[in-house]
Every structure is written in structure tokens, then in C-alpha cells.
Amino acid sequence: MTNNKDVIRRNALSRGQLIGLAALLAVACVLPFVVSNYRVFQLTLTLVYAIALLGLNMLTGYNGQISLGHGAFYAIGAYVAAILMDKFGVPYWLTIPAAGAVCLAAGFLFGLPALRLEGLYLALATFALGVAMPQILKYKGFEHWTGGVMGIVIVKPEPPEWSGLSQDRWLYFVVLVCLVAMFVIGWNLLRGRIGRAMVAIRDQPIAAQAMGVNTAMVKSLTFGVSAMYTGIAGALGAIVIQFVAPDSFNVFLSITLIVGVVVGGLASISGAIYGALFIQFIPNVADEISKAAPWAIYGVFLLLFMYLMPTGVAGFIRIVGGRLRQRRMR
Amino acid sequence: MDVLLHQILSGLATGGIYASVALALVMIYQATHLVNFAQGELAMFATYIAWSLIQAGVPYWAAFFLTVAIAFALGVVIERVIVQPVEDKPILAVVIVFIALLVILNSLAGWIFTYTIKPFPSPFPTAPLFGNRYVSSHELGSIGITLVVLALIFVFFRFTPLGLAMRAAAQNPVSSRLVGIRVGWMLALGWGLAAAIGAVAGIMVAPTVFLEPNMMSGILLYAFAAALLGGIDSPGGAVLGGFIVGVLENVVGSIIGTELKLTVALVLIVGVLVIRPSGLFGKVHVTRV
């Protein structure tokens, strides 16, 4: 029954892991004070992507539903935040839960028909959603709200007096707080009953149903929660970039997100961070290798990962860690 | 009435393009049970090859057939080198590889040929054929070529030993291998054929949508819709689906405006998948418990 022990160990953090996390958090708090404002902006976006990736990873990694259209939910979140701030003067921090709620509903609704679609077909339907999204956002009927092709420019939130931070650093900490909250929620969700139901549905849908898991409910809820995470990330991203426009939410955004999930590591929470670092910083590296074809290099990376490291960075670290531990025991 | 007739006829013309791409999708689906997300980009890339050949002074029809041959080779190579290693991996791995192919081809095209929109010549005369008022000769010509391609494919699969071998390999790989069919190569051949059909579709559609690296994304979506509507494992269904979707797109587009054309495809895809996942002519899928 070594398995039992493993499960228990996996479900609670060991002391070493806790110390590691605290150290990581400390680094994350110090980092914005030692780098330039532009780097802070980039790091903030990385955190934003990490939230989105965690959302997509719940759906694709844990629940096995492939989504090639999560950029659409990112767009919805971003637009909800932008419209609320621009048209209704809602304070920026209130738009974040609002975007989450709207995307939860949108994701749940899209998840209902998605129930009948498996694997490839779901990938197809969500791909269509991702491709069609910019057009929907440009639609004349919504132009009054969405600003059409021009999009919406939003004002950068002012940091409160007491913090004494610059705008960029303040936003960094806002996003960091959101990230920690979302990761704690996600971690609790995934290690509990629901998380196991999600994995069971991915691996053995029929057996899961026979064991009394409400497959339909769990699947569409996962879709909703996943969209909620991505939508919150979208809202944060809009506030950080101060601008939303239909063409920044094209199908390549959705592809970027799935790339992040795969590279970071499927069905892994820490993978979201690695994936976010990858999709934020590798395009810069790719730009340096060749100005003309960053996406081609991106694609090659993707192929290499799929052939050589299908469990992503998180899986690779897990394997290396396991080897080291074994060697120490010997 | 005239307007509607015109809409329907030009719908049939674009429908022919959708039908070709849908047929390419179905061919790969039948052989491997996979949907090739890179099909559109493959066709786009082939069209650029045709464009460069024509720019280099090769006569139109020579460039046409040369491109189809190159696309065929490209399809075979891609299957052998890139797709084959992940063929029996989980579906997600395969989808990721297709997506990687999509972005690589898209980016390469932009890199080599730049993102500026290029006009593409049509082989057909500019004056309408037979003095009709409803349909341009390019539209009529592309319908004609689509039908010829379809007929060739039908004859190939129905009456040649190689076509029979390919069908066998798709239907029952294990038994086919036992009777001496090289299943792996049959799959590669399927990819080559699909790429060649895609190339024809790309060349036929380029004069109307103009040549640029993203020209196929909308068309791919419609082809998905067409293939699903007809039944993803039925070649005839895919062709009929293509024509239906083409007409539907034009008629609906004239009613609600063309800005939401892609949304029509989205609604169609989700609608078909939810209401009748096997499409009009597809086999109903039964899973063994």
C-alpha cells in the first residue's frame, strides 16, 4: 500500500515544499524592486498568463477536454473589465470578480454542448470559437460597447497613497495577490474530491460514471471554472496593458495558451508558472534568433517538446528530482 | 430573384472550394481518425509555391500541375517525418503537433513571401462564359475543376488497386498488413493526396480572396463545418456539405451582413456536433464499453 502514502503525501505540502514556496514568494515580492519598469510590466504579464494557464490546464490537463479557443474567454474577461471601467466608471478591482462571474457563466454555457463532444471534436468546436471571436467583437451591433475595430483604451489605475509604489509595481502586486489567491483555490479544488473526479473522467469516463461521479455536471463546471480563471486573467491583462482590441484576441492567443500549458506540463499546477515564463519570454528569444519568424521557432519548440518532453517542464523537473532523491537514498 | 440566384451560384463556387478542403480533411480522417488542423495552411503554402512558379515565368497550367506534385510530396514528407512519431500517442499530442505545423507553415509563408496581400491570376477569361449574367467564368471554372478533382478521387479509390489498398489500410490496418499492404506508406499517401487536393483548392480560391498567409483560416473553418455536416467519414457527404455550406454562407451573409460570416461557421459546427454528431451521411459512432 505504498500508494496510499503517496496520495497522502501528494495531498499535503511537505515542510521542504512549504519553505520553497515561501522563498519563491519572497523572491516574487523583491523582484519588482530590482528590475526596470519595463521588466516589471513583463513580469506582471507573466503572472497574468500563469492564471490563464492554470485555468486551461484544469480543463485540458486534468479533465482531458481540449480547448483551442480559450483566447475567447480571455477576450471576454478583458472586454468585461474594459467596458465596466470605460462606460460605467467601475473601479478596476471590482471588474476582476465581475469578469470572473461573466466568464464562469459563459464557460458553463459553452461547456453544455461541449459535453457531447469528445477529444478531437471539442478541439474543433473550440478552435472555431477562437477563430470567430475577433469577428464577434468587431460586430457593428456591439460597437457602442466594444468600440469596434478601434477597441477601448482604459486608464491605468493609480496606486493608493500609502503604498508609495509606482503604477507598474502596484499593478504587479495586485496581480500577484490575485495569482496567489487563484492558485490556492485551484490547488484546493484539484487535490480534493472534485479534482479527483476530474482526473477520473479524463482517464476512465465510464468507470467514473459507474462510481457515481456526475460526469456531465463535473465536466461543464470544469469548463466554467476554467473559463473563469482565464477570464480573470483577461481582465487583469486588459488593466495591465490598458487597451483592448479585437485583433489582439485572435486564434493565435488561444494557441499561445495551449502552448503554455503543454510546455509547462499538463496536469500540473506549477506547470502554469513555467508555461507562463515560456510564452512571455521565449518570443523575445525567438525574435533574437530570427526577426522574421518567431512563430516558426515557437512551432519548432512545440514539436520538440511533444517528441522529447511530453510531460513539459514540470514533468521534467519531477523526473530529475526523483532521480536525485533515489541516488541520495542509495 | 436575380439577386438570390446570383447568391446561390456564387455560393456554389465557394462551396466547391470548401468541398475540396473538406474532402482533404475527410481523407486524412478516414485514414487516421484525425482532423488535420494544418490543412488550410498546407494549401496556403502550396498556393505560394504556385505563385512563385508563375512569377518565375512558368506557364499557368504547368505551374498548376507542378504545384500539385510538390504539395503531394510535401504531404508525404510531413506525414513520414512529423506526424508518424505521434500517431499512436494521446489525441492531445496529435492536436498539438498539428497546431505546431499550422504555426510553422503560417510563419514560414510570412517569412519567405512577406505578409503583403498579393493578387493571384485566374486561368479563366474575364468575360462571363456563355453570355450569362449570374456567374463569372472563374466561379464556373473553379466549380468545374472541383468536380473534376472529385471524379478523379472517386475513380482512384473505386477502380485502382492502390486505391483499394488505401481503403483497406484505413479500414483494418492489422489485416491489411497481414496481406502485405504497407500501411504506413498508405497513410503517407493519403496525406500526400490530401495536400494535393488542398493545393488545388488554394489555387482556385486565391484569385477571389487574394494571396496572404492567413487566407485559409476562414476557409478551413467552413471546410470543418462542411465535413461535419456531411459526416466526417463520408467523402461524398463532405462534398455535398461543402456546396451546402457555400450556398448557406452566401445567402445568410446577404441577410445578416458579411461581418459575422465566421460566426455562422461556428454556429454551424457546434450545431451539427450537438444535434447530429455523425452528420448527414456519416456512420453513427458506437463505443464499446
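1. Helix 10 of chain B itself covers residues 235-256, which is 22 residues. From its first C-alpha to its last, helix 10 of chain B reaches 31 Å, close to the 32 Å expected at 1.5 Å a residue.

2. The model is predicted, and the values below should be read as such. Chain B averages a pLDDT of 85, and 95% of its residues score at least 70. For the complex, the predictor gives an ipTM of 0.84 and a pTM of 0.87. Where pLDDT is low, the predicted coordinates should not be read in detail.

3. Helix 4 of chain B also has a residue with positive phi after it: T114(B), with a value near 60 degrees. The 23 residues of helix 4 of chain B should span 33 Å at 1.5 Å a residue, and the end C-alpha atoms are 33 Å apart, so the two figures agree.

4. Two packed helices are described by the angle between their axes and the distance between the axes. In chain B, helix 2 (residues 39-55) packs with helix 4 (residues 91-113) at an angle of about 20 degrees, and their axes are 9 Å apart. Because of that angle, helix 2 of chain B is roughly parallel to helix 4 of chain B. The crossing of helix 2 of chain B with helix 4 of chain B is left-handed.

5. Which residues make this contact between helix 2 of chain B and helix 4 of chain B? Helix 2 of chain B supplies E41(B), L42(B), M44(B), F45(B) and Y48(B), while helix 4 of chain B supplies L102(B), L105(B), N106(B), A109(B) and F113(B). By class, the residues in the contact of helix 2 with helix 4 of chain B are eight nonpolar, one polar and one charged.

6. The contact between the chains takes 35 residues from chain B and 38 residues from chain A. On the chain B side, the elements that give two or more residues are helix 4, helix 9 (217-230) and helix 11 (261-275). Helix 4 of chain B gives the most to that side, with 14 residues. The side of chain B that touches chain A has 30 nonpolar, four polar and one charged residues.

7. In chain A, helix 4 (residues 70-88) packs with helix 5 (residues 92-114) at an angle of about 140 degrees, their axes being 8 Å apart. Helix 4 of chain A is therefore oblique to helix 5 of chain A, and the crossing is right-handed. Residues in this contact include F73(A), I76(A) and G77(A) of helix 4 of chain A, and Y92(A), T95(A) and A98(A) of helix 5 of chain A. The contact of helix 4 with helix 5 of chain A divides into 12 nonpolar, three polar and no charged residues.

8. Helix 4 of chain A also meets helix 11 (residues 215-241) of chain A, where the axes come within 7 Å and cross at roughly 50 degrees. Helix 4 and helix 11 of chain A are therefore oblique to each other. Helix 4 of chain A passes helix 11 of chain A in a right-handed crossing. Among the residues that meet are H70(A), F73(A) and Y74(A) in helix 4 of chain A, and A227(A), T230(A) and G231(A) in helix 11 of chain A. The contact of helix 4 with helix 11 of chain A has 14 nonpolar, six polar and no charged residues.

Notes: Residues are numbered from 1 along each chain as its sequence is written. Chains are lettered from A and ligands numbered from 1 in the order in which they are written. This is a predicted model: local features need pLDDT of at least 70, side-chain atom pairs count only at pLDDT 80 or more; totals for chains, interfaces and linings use all residues. Axes are lines fitted to C-alpha atoms, for helices over the stretch in contact, and angles run from 0 to 180 degrees between N-to-C directions. Helices (H or I, at least four residues) and strands (E, at least two) are DSSP runs, numbered from the N terminus. Angles under 35 degrees count as roughly parallel, over 145 as roughly antiparallel, 65 to 115 as roughly perpendicular and the rest as oblique. A crossing is left-handed if the near helix is turned anticlockwise from the far one by less than a right angle, and right-handed if clockwise. Two residues are in contact if their C-beta atoms, placed from the backbone, lie within 7 Å. Ala, Val, Leu, Ile, Met, Phe, Trp, Tyr, Cys and Pro count as nonpolar, Asp, Glu, Lys and Arg as charged, and the others, Gly among them, as polar. The expected span of a helix is 1.5 Å times one less than its number of residues. pLDDT is the predictor's confidence in each residue, from 0 to 100.
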